[in-house]
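User: I'm new to this one. Can you walk me through a few spots in it?
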Amino acid sequence: MRRWKQLYLSIFFGKRFYRLMAAVIFLFVISYSLPFLFNVSLLFLGLLGGAVLLDGLVLFTKRNPLSIERVLPEKMSNGDPNTVYWNVSSHLSFRAQLQLLDEFPEPWQIRDFKMKFVLEPGEKNTLSYIVYPKIRGEYFFGNLYVFIKSPLGLIIRRKTFISKGSVKVYPGFLLLRQFELMAHITNPGNNGYKQVRKTGHSLEFEQIREYVSGDDIRSLNWKATGRAGGQLMMNVYTDEKSQQIYCIIDKGRTMKMAFGGLSLLDYAVNATLAISSVAISRQDRAGLISFGDISGDFLPANHRAIQMSGIVQSLYNLETKFLESDFAFLHKLIKTNITQRSLLILFTNFESFTAVGRQLPYLRNISQKHLLLVVFFENTSIQQLSSGVAENMEELYEKVIAEKFVLEKKMIVKELQRYGIAALLTAPEKLSVDVVNKYLQIKARREI
């Protein structure tokens, strides 16, 4: 009984069947006026019934007409394009028209997925689809449904494949190679990054080489010059290594704001992953701090390759809180755990001059012992509103208020710089590139 019920639920009629059935009904209707058409109508009805029976036998002869497998990546990158694959094989003896439906994770809200394709007898095919997950975490896929149509196209058979699966979405890691390349670029000017002029001297000696016009004469080595018979020789220094770089992520309510489908916290998480990868590739020690209202997490800085795994795991379940972050707690956490002068990159968001004023004493105390870089975000919606053209009085008021907020953000940068605190105001979508570039600039200037 159960088998017959499953068979009944898997049968659907195609559009061709309904069109032909409508034509037969029309013939029966007009046969009331033209009686000779009645027998013709019966003939067409019989032919349609036979065709439906034949189509059903063709479709349901094989119990397993197809083989299908969903292939998920080992992990997905948050906010980046990720590809899902399906391997489909036909066991049918005719050319089949197929339609694939997949049960994507509910939070992704993919409701318009419908993939149509054709398979020849015995053919194998691989289908692909690109998804853009917006939230970190583990997601579960449901069943696969394939609708099979024969060349007659009268009946459609639905075949259900129990294909449960899950995938974990981690902070955006697909662009890490790009940032690692950026860390070793000597002339980034042609790649969209700012070229930085190196100044000063570091403490790490690299080699002695011949003087070349344009070199800093303060690096001349007079002893080596004397031994070289008058040829000027100079010392070459390299960037200091094994310096501590800590990314500090604010988990307060101000980081819950979303732009482009990602929250500010997600942008900060992706930027932290990028800057940590670049720092470790340059043999610096990367660490992580996250803080909220009354608690925080601390991952000591390290330059080993396994450190990236620890950072990814720490960022994986990071979530915003609904209360305001406690910067006094952050100051205490840094003072207790970080004794060596380090570069601290603080990802937070200040929407008003008053908000930064409340936290400024703590930021000033932190910057006395460390090089503090405060990174906060432009409100791109307000930015667009302020740059638009006002066509009436209401839009003019909105434009003026938007310009006020934009100006206030710039004033916050000036206020932080007035107390010797480095500040970076950037759009959320440009965060990773701007922060990595700022780190390279700081390294080039030997500010730490």
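Analyst: First a term: a residue is called buried when its relative accessible area is under 20%. Also note that this is a predicted model.

User: OK. How many residues of H6 are buried?
Analyst: 17 of the 18 residues of H6 are buried, so the helix is largely enclosed by the rest of the structure.

User: And how far does H6 reach?
Analyst: Helix H6 covers residues 264-281 and reaches 26 Å from its first C-alpha to its last. That is close to the 26 Å expected at 1.5 Å a residue.

User: What follows H6?
Analyst: Gln283 follows H6, and its phi is positive, near 65°.

User: Switching topic. Where does Thr320 lie?
Analyst: Thr320 is in the loop between helix H7 (307-316) and helix H8 (327-337).

User: Is Thr320 buried or exposed?
Analyst: Thr320 counts as buried, because its relative accessibility is 13%.

User: Which residues does Thr320 touch?
Analyst: Leaving out residues up to four places away in sequence, Thr320 touches Lys251, Gly252, Met255, Lys256 and Leu265. With Lys256 there is a polar contact between the two side chains, at 2.9 Å.

User: Now H9 and H11. At what angle do they pack?
Analyst: Helix H9 (residues 353-369) and helix H11 (residues 393-418) pack at about 15°, and their axes are 10 Å apart. That angle makes H9 roughly parallel to H11.

User: Which residues make the contact?
Analyst: H9 contributes Phe353, Val356, Leu360 and Leu363. From H11 come Glu408, Met411, Ile412, Glu415 and Leu416.

User: Is the crossing of H9 and H11 left-handed or right-handed?
Analyst: The crossing of H9 and H11 is right-handed.

Note on methods:
Residues numbered from 1 in each chain as written. Predicted model: local features only at pLDDT ≥ 70, side-chain atom pairs only at ≥ 80, totals over all residues. Heavy atoms only, no water. Helix = DSSP H or I, 4+ residues; strand = E, 2+ residues; numbered from the N terminus. Buried < 20%, exposed > 50% of the residue type's maximum accessible area, 1.4 Å probe, protein only. Contact = heavy atoms within 4.5 Å. Polar contact = N/O pair within 3.5 Å; in protein donor to acceptor, adjacent residues only side chain to side chain. Expected span 1.5 Å × (residues − 1). Axes fitted to C-alpha atoms, helices over the stretch in contact; angles between N-to-C directions. Parallel < 35°, antiparallel > 145°, perpendicular 65-115°, else oblique. Left-handed = near helix turned anticlockwise from the far one by under 90°.
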